[in-house]
Amino acid sequence: MSVSRLVPHDFIVPSMLETPEFRLRPLLISDVVKDYDAVMSSADHLKNALSPDSNWPEGLTFEDDLIDLGWHHKEFKRRTSFAYTVMSLDEARCLGCCYIYPSSDPAYDAEAYYWARQSELQHGLEVRLGQVFRDWLARDWPFKRVAYPGR
């Protein structure tokens, strides 16, 4: 089976981006406890946030999240999509996630999604995360045009 990579074979995928406020690093299955807490405590914010016709994370179980994280990890290794967790600098809390997927629109090289924990919205974290993520994709990734569906 042929796997279509999102980035060129010789591209070195960034392993981390750190700001004075948070760290982006690959989302791993070992993050499931912190990820599940962030997702479920942000369920109202996340419904329709990543896709207008989605009710995710409604009905998501811990086991479902573990499976999702395993799939994200596998796709990351295969270079077909990239999921990054947004962690506090001390790694104590998952503050959100960032995703890079192939675009369904041929006018774009990739689609990017991001979200911040619902409890952090009032402090503007999602806005700051979005700007950092956009700047990072423009500066350190090989994409010429990135779509931000819903944004």
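1. In this predicted model, Thr-85 stands opposite Cys-97 of strand β4. That pairing belongs to the contact between strand β3 (residues 82-88) and β4, which run antiparallel and are joined by six bridges. Five residues lie between the two strands of this hairpin, and Glu-91 there adopts a positive phi near 65 degrees.

2. On the subject of β4 (residues 94-101), seven of its eight residues are buried, so the strand is largely enclosed by the rest of the structure. β4 also pairs with strand β5 (residues 110-116), in the antiparallel sense and over six bridges. Within that pairing, Gly-96 is found opposite Ala-116 of β5.

3. Under a cut-off of 2.5 Å between cysteine sulfur atoms, the count of disulfides is zero. Cys-94 is in no disulfide, and its nearest cysteine sulfur, that of Cys-97, is 4.7 Å away. Cys-97 is likewise in no disulfide, the sulfur of Cys-94 being the nearest to its own. Cys-94 has a relative accessible area of 1% and is buried; Cys-97, at 0% relative accessibility, also counts as buried.

4. The sheet as a whole is open, has six strands in the order β1-β2-β3-β4-β5-β6, and shows mixed pairing. Its edges are formed by β1 (17-18) and β6 (146-147); each has a single partner strand, so one side of each is left without a neighbour in the sheet. β5 and β6 run parallel and are joined by two bridges. Here Glu-111 has Ala-147 in β6 as its bridge partner.

5. Helix α3 lies across β2 (22-26), β3 and β4, and runs at about 120 degrees to β3. Helix α4 (residues 125-140) lies across β1, β2, β3, β4, β5 and β6, at about 155 degrees to β5.

6. Finally, there is the packing of one helix on another. Two packed helices are described by the angle between their axes and the distance between the axes. For helix α1 (residues 32-40) and helix α3 (residues 62-78), the axes come within 10 Å and cross at roughly 115 degrees. The crossing of α1 past α3 is right-handed. On the α1 side, Val-32, Val-33, Asp-35 and Tyr-36 take part, meeting Phe-62, Asp-65, Leu-66 and Leu-69 of α3. By class, the residues of this contact comprise six nonpolar, no polar and two charged.

Key:
Residues numbered from 1 in each chain as written. Predicted model: local features only at pLDDT ≥ 70, side-chain atom pairs only at ≥ 80, totals over all residues. Heavy atoms only, no water. Axes fitted to C-alpha atoms, helices over the stretch in contact; angles between N-to-C directions. Helix = DSSP H or I, 4+ residues; strand = E, 2+ residues; numbered from the N terminus. Left-handed = near helix turned anticlockwise from the far one by under 90°. Contact = heavy atoms within 4.5 Å. Nonpolar A, V, L, I, M, F, W, Y, C, P; charged D, E, K, R; others polar. Buried < 20%, exposed > 50% of the residue type's maximum accessible area, 1.4 Å probe, protein only. Pairing = 2+ DSSP bridges.
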